[in-house]
Amino acid sequence: MTFSFSLVLVWLDLAGVFFFAVSGSLLAARKQFDIIGSLLLASVVSLGGGVIRDIIINAGPPAAFTNPAYLAPPLFATVLVYFLFSSVQRFTSLLMLFDAGGLALFCITGTLKALAAGMNPVAAVLLGVTTAVGGGLLRDITANEVPQLFDPKDLYALPAFAGSALTVILSLTGTFTAVSACAVAGLVFAFRVTAWRRHWYVPLAVRGWHRLGPDTAENDR
């Protein structure tokens, strides 16, 4: 791999932390958590995926616990949502947009760190996806929400797979740069948002099964 996990990648990682942290604080606000709960949920979603990644690759203490810079985005996101939530709560898609931004950035940084640790391309893709979806999964479980990762009417992991695979291809061909990193992040973000808006989905686990609508789900209770 010719592209090192440089300062540019650290900034991409911190940007992903911020985007995920905002999504956590927005969900906490909707759930009417107090400000401490908001900070904790923002920290769980924004740092959880990176902690899982660093533990898997045995990188020593996770970056979230060794670099104080990683603690600033959750704190800033919590304060931002605290003061601005009443002004932005009418934008129902805001949480999803910030979550998509975090997903797009984390699938790249997670994959690059896996490659730098000597993992093979397939394992690097899997770890990139784990980094991208891990925080959101922890956020939804903590907030007692159905995890987006398992929502049959939405695509969540597939955009991360696409971003991680592109990152591996670009890295192995020596064409990964800061510009191409931004391009991949933009593609993943657009894929995630478009899938959400157009209700794209993959087949269910069993052929012939049909997705339950709100009325059907209500009748099954």
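In this predicted model, helix H1 (7–30) and helix H2 (residues 35–56) meet in a right-handed crossing. The two helices H1 and H2 pack with their axes 7 Å apart and at an angle of about 140°. Because angles from 65 to 115 degrees count as roughly perpendicular and those over 145 as roughly antiparallel, that value makes H1 oblique to H2. On the H1 side the contact is made by Asp13, Val17, Phe20, Ala21, Ser23, Gly24, Ser25, Leu27 and Ala28, and on the H2 side by Ser38, Leu41, Ala42, Val45, Ser46, Leu47 and Arg53. Sorted by class, this contact of H1 with H2 holds nine nonpolar, five polar and two charged residues.

H1 also packs with helix H6 (121–142), and here the axes come within 11 Å and cross at roughly 15°. Since angles under 35 degrees count as roughly parallel, H1 is roughly parallel to H6. H1 passes H6 in a right-handed crossing. From H1, the residues Phe20, Ser23, Gly24 and Leu27 meet Ala132, Arg139 and Asp140 of H6, and by class the contact of H1 with H6 comprises three nonpolar, two polar and two charged residues. Phe20, Ser23, Gly24 and Leu27 of H1 are also among the residues that make the contact with H2.

A further pair is formed by H2 and helix H5 (residues 94–116), which pack at an angle of about 15° with their axes 10 Å apart. That angle makes H2 roughly parallel to H5, and H2 passes H5 in a right-handed crossing. The contact is made by Ser46, Arg53 and Asp54 of H2 together with Phe106, Thr109, Gly110 and Lys113 of H5; by class it has one nonpolar, three polar and three charged residues. Ser46 and Arg53 of H2 likewise take part in the contact with H1.

| Helix pair | Angle | Axis separation |
|---|---|---|
| H1 and H2 | about 140° | 7 Å |
| H1 and H6 | roughly 15° | within 11 Å |
| H2 and H5 | about 15° | 10 Å |

By class, the lining of the largest cavity has eight nonpolar, two polar and three charged residues. Leu47 and Arg53 also belong to the contact of H2 with H1, and Arg53 to that of H2 with H5.

The largest pocket, for its part, holds about 470 Å³ of space. Of its 18 lining residues, those closest to the centre are Glu145, Gln148, Asp151, Asp154 and Trp196. At least two residues of the lining of this pocket come from each of H1, H5, H6 and helix H8 (178–198). By class, the lining of the largest pocket is made up of six nonpolar, four polar and eight charged residues.

How values were computed: Residues numbered from 1 in each chain as written. Predicted model: local features only at pLDDT ≥ 70, side-chain atom pairs only at ≥ 80, totals over all residues. Heavy atoms only, no water. Axes fitted to C-alpha atoms, helices over the stretch in contact; angles between N-to-C directions. Helix = DSSP H or I, 4+ residues; strand = E, 2+ residues; numbered from the N terminus. Left-handed = near helix turned anticlockwise from the far one by under 90°. Contact = heavy atoms within 4.5 Å. Nonpolar A, V, L, I, M, F, W, Y, C, P; charged D, E, K, R; others polar. 1 Å grid on protein atoms, 1.4 Å probe; cavity = no way out; pocket = protein on both sides within 12 Å on 5 of 7 lines; lining within 4 Å. Points joined across faces, edges and corners; volume = space filled by probe spheres on them.
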